[in-house]
Amino acid sequence: MSEYERNLIAERMRRGRRQKYLAGGLLPWTRAPYGYRVDPAHPRDPAGVRLEATEVAVVAELFSNYLQEGKSLKAETQRLTSLGVASPAGRTRWNQATVRGILTNPVYTGTVYIGRSRPTEARGRHSALVPIGRGRGGHAQTSQEEWTAVTQVPAVITQEQFDLVQQKLAHNQQFARRNNTAYPYLLRAMVSCGMCRLGCIGRA
């Protein structure tokens, strides 16, 4: 009965948050995206969202540069690192996952969406000495048809720019060398270091 009551309360809270999202009175952010700032007194209020000029310039240039012929995620990552631009985490070194996260975030078109990902159960084992998924799953990206627009914020790029970048990202990912070759290693996820417990990496 206690477990049922907890589940019922959790479901009611989820429904309440969703209603607030759809009414445009609540931001679905735990932390503002790179380039945005919120009102410290009301961090979930869409009316308090503003642009941070320095970071917005980085975002706008990132979208513009990536659309140029021959540009790649790796090239843009190296460029930002070499320029000493602070990453969203405040570090001087950028990684491709961070750059890709910015380029795939539709908030820069001025629209905030919910439903862009859904939690999934862990299926992979990172090491033979730890449980599958280390006790937690991840988040799978949903298709754009499943997104729900909830509010508007200041835009950094146009919708056309965003769509062109998504097309190029999809094309590059489809023809990336790492996605065209698979090696079925015999001891995949079965060999680990006895000291640090990390899984061993196979290379061809």
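At what angle do helix 2 and helix 3 pack, and how far apart are their axes? In this predicted model, helix 2 and helix 3 pack at an angle of about 145°, with 10 Å between their axes; axes here are lines fitted to C-alpha atoms over the stretch in contact, and angles run from 0 to 180 degrees between N-to-C directions. Helices are DSSP runs of H or I with at least four residues, strands are E runs of at least two, and both are numbered from the N terminus. Where the two helices meet (contact means heavy atoms within 4.5 Å), Val-58, Glu-61, Leu-62, Asn-65 and Tyr-66 of helix 2 face Leu-73, Glu-76, Arg-79 and Leu-80 of helix 3.

Residues are numbered from 1 along each chain as its sequence is written. Local features need pLDDT of at least 70, side-chain atom pairs count only at pLDDT 80 or more, totals for chains, interfaces and linings use all residues, and side-chain values use heavy atoms, leaving out hydrogens and water.

Over in strand 6 (residues 148-152) lies Thr-151, which counts as buried because its relative accessibility is 12%. Leaving aside residues up to four places away in sequence, Thr-151 touches Gly-24, Leu-27, Pro-46, Gly-110, Thr-111 and Val-112.

Terms used:
Buried means under 20% relative accessible area, exposed over 50%, partly exposed in between (1.4 Å probe, protein chains only).
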